[in-house]
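Subject: Structure for your review

Dear colleague,

Please find below the structure that I am handing over to you. My findings follow directly after it, and I would be grateful if you read them with the coordinates open.

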Amino acid sequence: MVAVARPALRQDVRPDGVYTRDDLHGDTVLDADVVIVGSGAGGATLAAELAEGGLDVVVLEEGRYWSTRDFTAEASQMIRQLYRDGGATMAIGNPPVLYQEGKAVGGSTVVNGGMSWRTPEKILDRWWREAGLDGIRAKDMEPYFERVERRIHVRHQDPESVGKDNLLLKQGADAKGWKVIPNLRNQVHCPGSNNCAFGCPTGAKQSALVSYVPRALHFGARLYSDVRVARITRDGKRATGVVGHVVRADGSNGHRVTVRAKLVVSACGAIHSPALLDRSGFGSPSGMLGKNLSLHPNVKLVAIFDEDVRGWEGVHQAFQVREFKDEGLLFAAVNIPPSILAMTTSHRGAELGALMADYDKMVVAGMLCEDTNTGRVRNVGGKPQAFYQLSDFDADKLKQGCALLSEMLFAAGAKRILLPFALGPHAGELKGPDDVRRIFSEPVPKQTMEVVTVHMMGTAAMGSDRTRAVTDGFGLVHDVDRLMVCDASLFPTPIGVNPMETIQALATRAAHHVLSNPRRFS
Amino acid sequence: MSDYQHSPATRRILTSLVPVICPPEAAELGITDAIVDHVGLTMGVLPAAFRAGFVLGLRTYDLGALAFPPARGRRAHRLPPELADRYYESWLHGPTPIHRQLAIAIGQLLKLAHYEQPAAQERLGYRPAAWIEQVKRRRLEVYSADIQRHAQSLIEPDPLPGIAPHARSSKKGAA
Ligand SMILES: Cc1cc2nc3c(=O)[nH]c(=O)nc-3n(C[C@H](O)[C@H](O)[C@H](O)COP(=O)(O)OP(=O)(O)OC[C@H]3O[C@@H](n4cnc5c(N)ncnc54)[C@H](O)[C@@H]3O)c2cc1C
Ligand code: SF4
């Protein structure tokens, strides 16, 4: 029942081993050692390691295959192509949290900022202590981090790639005497095109699309894009494969795709992995599947300077302000295109025009907050829906973060600052350092905060105790045979830094475990 | 991506909202239709339930003007500029979160669409494509050896410790 015709669309750039909906002309049945659902940070890394280890790997990815030459600065077109639901997915709560997920071969790594940090030692210690995970402390993880960093080429930026917005951020931190460090990013001489969130048009960013995916293909993995997995099949307590459908151009289901495999891996990300397991009837005895969702809630503010900044010339987030890391706050400069910036302000009409006339003088800065509350993901009408309540403690932390970040940007010479609190165009604006006190003194109702996130984690958490965790320390689902989770769902707690490298290191470690135990998975 | 297209009624309502939300330059630059088209493209990728709710909300917004005394029995898309503005404000500060969320969503989609227009970007001096081309070229000129070296390393064997190296698999194709 297999119908595969290779050449069609984009044959010039599509590598061998990648199949798209144009290749699947009928219902398809495949056999493999391992089927991996999702080709992002977790899925692609695992695929490459297992394929190199000699296993026959099939990867199924709901998103399309795009190549470096498809990526442009046309922000909204890229968002429509590369993000799930046009980037407009919302966790229900007070305030609602807008979250974004990549949906393409390479997953969210295609649209991420490339920040590449190891899991902090204190977090790994906590996982060892509280989740009972062996072999997870810094010294155990060291070889896996090193291996990932080699593969995705983690480096500091070349100086000429750093733009003025980032230099101003650093200047502000230096003026305050705050700790500021150059960011580590997965890039090969990134020249600072400032397009990371819309796909890297130079190929410098070593997203999974240009690193682990080609490596996996080179070692014989097969990757089917445009295939949405509906459920995992089972025989009693054993996972036996997956069933899904080709995604047609209009998003509807096309031909059926079935994969039979000895090991089934869900690497769909922290929103879709718990939903897939739940849809497939793999509830966890711990009751924790879909729970424990952390988000690293994030708010941004806009500082306007007198001088030209042209924040779109130069890499974003060249530096991270680490002064408040122990309090769970990181700051960075993150330029965004005018369309997205306009969309996130409360200005309109002539007032919007006047504000945007200063676009070239703006520094957009944001913060990452290590959160203390958790939410959950549930299947509603067969689709995952996230629920998350920002805690009062974290709301206050975000408010304090805005005050600190504002102080710092005024120290760098900002003339006015727009806050991410929807208090109307003027009430949400600071005219100088004296106004900063206002943020501390005025209550900021949570519901007025514009909170976004790109770091969803923790919904199928690892832990040695099957009554408290969904998977063991390698992502193997407790009480199920041959079912693994390999993505951001695995984190027992938020990690307070950008998560990609942690996911990739855990995937490498999981691959090592599978390859070291061939009899268990054959 | 669905093949969503605005109905004439939705298009009319959105067109009437362009001067309320977008800077006056939208009219000067003659980009009103392009803005409304762009909103359609964005709506095409939104979750289906969200899209249906938004379309319904727009209709309600239009009809709701009938109950807005200053409108004197006119629908929103027929209001003169000053009244259209006041009517939109009445939703932005409306009695329920649904009023407010719809007004915000209308604003967001139109603002996004406005500043995605090349003419509006040109006004801001925002020319990212030229910048990308410039730095892309320079990267290749200066660093091509390093770039090649890394690309090559991606396909070199590097087995995990204790795992025997395997020859490249020849399994290909779906059959
Ligand atoms: C805009 C943005 C910026 C970010 N910046 C950074 C950064 O600078 N540094 C950092 O460390 N992290 C960053 N992140 C976060 C990081 O990219 C993610 O945490 C990471 O990619 C998650 O990896 P994952 O494997 O869990 O899922 P993903 O990488 O999201 O991959 C999951 C894949 O599974 C596919 N999928 C889902 N369901 C199905 C299904 N049913 N069938 C088939 N396929 C399916 C999806 O389409 C997707 O491609 C950013 C994220 C975003 C969105
Ligand atoms: S800033 Fe660097 S990594 Fe990001 S898109 Fe541009 S070239 Fe690629």
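Across the interface of chain A and chain B of this predicted model, 6 salt bridges are found. In one salt bridge between the chains, the side chain of Glu89(B) meets that of Arg348(A), with a distance of 2.7 Å from N to O. Polar contacts between chain A and chain B were counted as well, and they come to 28 residue pairs, with both partners at pLDDT 80 or more. Sorted by class, the side of chain A that touches chain B holds 32 nonpolar, 28 polar and 19 charged residues.

As to the extent of this interface, 79 residues of chain A are in contact with 54 residues of chain B. The size of an interface is often given as the accessible area lost when the parts come together. Here, chain A and chain B bury about 5,700 Å² between them, and carbon and sulfur atoms account for 59% of that area. On the side of chain A, Arg80(A), Met343(A) and Arg348(A) supply 14% of the area buried against chain B, which is more than any other three residues. Arg348(A), one of these three, is also the residue that forms the salt bridge with Glu89(B).

Over all chains, the count of salt bridges comes to 46.

In chain A, helix α5 (residues 164-176) packs against helix α10 (residues 392-411) at an angle of about 100°, with the axes 7 Å apart. The angle therefore makes α5(A) roughly perpendicular to α10(A). From α5(A), the residues Leu169(A), Gly172(A), Ala173(A), Ala175(A) and Lys176(A) meet Glu407(A), Met408(A) and Ala411(A) of α10(A). By class, the residues of this contact divide into 5 nonpolar, 1 polar and 2 charged.

In chain B, helix α1 (residues 8-21) and helix α5 (residues 81-92) pack at about 90°, and their axes are 9 Å apart. On that account α1(B) is roughly perpendicular to α5(B). Leu17(B), Val20(B) and Ile21(B) of α1(B) make the contact with Ala84(B), Asp85(B) and Tyr88(B) of α5(B). This contact has 5 nonpolar residues, no polar residues and 1 charged residue.

Finally, two points concern the backbone of chain A. The peptide bond from Asn94(A) to Pro95(A) is cis, with omega near -5°, and Pro95(A) lies in the loop between β4 (89-91) and β5 (97-99) of chain A. His296(A) is not a glycine, yet has a positive phi of about 45°. His296(A) is located in the loop between α7 (269-279) and β13 (298-304) of chain A.

With kind regards

Methods:
Residues are numbered from 1 along each chain as its sequence is written. Chains are lettered from A and ligands numbered from 1 in the order in which they are written. This is a predicted model: local features need pLDDT of at least 70, side-chain atom pairs count only at pLDDT 80 or more; totals for chains, interfaces and linings use all residues. Side-chain values use heavy atoms; hydrogens and water are left out. Axes are lines fitted to C-alpha atoms, for helices over the stretch in contact, and angles run from 0 to 180 degrees between N-to-C directions. Helices (H or I, at least four residues) and strands (E, at least two) are DSSP runs, numbered from the N terminus. Angles under 35 degrees count as roughly parallel, over 145 as roughly antiparallel, 65 to 115 as roughly perpendicular and the rest as oblique. Contact means heavy atoms within 4.5 Å. Ala, Val, Leu, Ile, Met, Phe, Trp, Tyr, Cys and Pro count as nonpolar, Asp, Glu, Lys and Arg as charged, and the others, Gly among them, as polar. Buried area is the accessible area (1.4 Å probe) that two parts lose on being put together, summed over both. A salt bridge is a side-chain nitrogen of Lys or Arg within 4 Å of a carboxyl oxygen of Asp or Glu. A polar contact is a pair of N or O atoms within 3.5 Å; within protein, one must be able to donate a hydrogen and the other to accept it, and residues adjacent in sequence count only if both atoms are side-chain atoms.
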